[in-house]
Amino acid sequence: MSKKEFPGYIRILIFILILLVSLLSIKKKNKRNNELIERGRYAIAETKGWTHNHRSSGFDLDYAFKFKGFEYRRFISLSSLSRVKTKGAKYIVLFDPTNPKNSKLLLDKEVLRCEYENYADTGWIELPSFVILK
């Protein structure tokens, strides 16, 4: 039996299609990051646990935060869980108020304590002084 191959123009079309999809994906990710920088607000998120990503050697850290009465649950992919408290720890999260699912957990900003327990869950443009970071 002989092995059939795709004609050269089909290979070129497939390559162009893959390249186009990759460029559009990168553009969308950059747009979301820019929106997060422009409109981002801060809130306190709590880690809920982790899972092992079966498609890679990485881990997924689950976290949740509240905004306007709703709880948003997201995850962040990490290569290692060292120096990260995976359950019940509080960290600062940066999120887009027009699309709270667009968020980023800031693992370098662990919350030591918050002096006010009943603060409004509308997010902060800047981190307030009553949030004490570690």
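Reader: Which elements each supply at least two residues of the lining of the second largest pocket?

Author: Helix H1 (8-39), strand S3 (70-78) and S5 do, each with at least two residues. Keep in mind that this is a predicted model.

Reader: Which of them gives the most, and how many residues is that?

Author: H1 gives the most, with five residues of that lining.

Reader: How do you find such spaces to begin with, and how much space lies in this one?

Author: The general idea first: rolling a probe the size of a water molecule over the atoms shows where empty space is left. Here, the second largest pocket comes out at about 380 Å³.

Reader: What sort of residues line the second largest pocket, by class?

Author: Six are charged, three polar and three nonpolar. Among the lining residues you'll find Lys-28, Lys-29, Arg-32, Arg-74, Lys-101 and Lys-104, along with Asn-33, Asn-102 and Ser-103. Leu-36, Tyr-63 and Phe-75 line this pocket too.

Reader: OK, on to the largest pocket. How much space lies there, and which residues are closest to its centre?

Author: You get about 440 Å³ in the largest pocket. Its lining has 21 residues, and Ile-44, Glu-46, Lys-66, Lys-90 and Tyr-119 are the closest to the centre.

Reader: Which elements give two or more residues to that lining?

Author: Three strands: S1 (41-52), S2 (59-67) and S5 (99-114). S1 has the largest share, five residues.

Reader: And how does the lining of the largest pocket split by class?

Author: Count 12 nonpolar residues, eight charged and one polar.

Terms used. Residues numbered from 1 in each chain as written. Predicted model: local features only at pLDDT ≥ 70, side-chain atom pairs only at ≥ 80, totals over all residues. Heavy atoms only, no water. 1 Å grid on protein atoms, 1.4 Å probe; cavity = no way out; pocket = protein on both sides within 12 Å on 5 of 7 lines; lining within 4 Å. Points joined across faces, edges and corners; volume = space filled by probe spheres on them. Helix = DSSP H or I, 4+ residues; strand = E, 2+ residues; numbered from the N terminus. Nonpolar A, V, L, I, M, F, W, Y, C, P; charged D, E, K, R; others polar.
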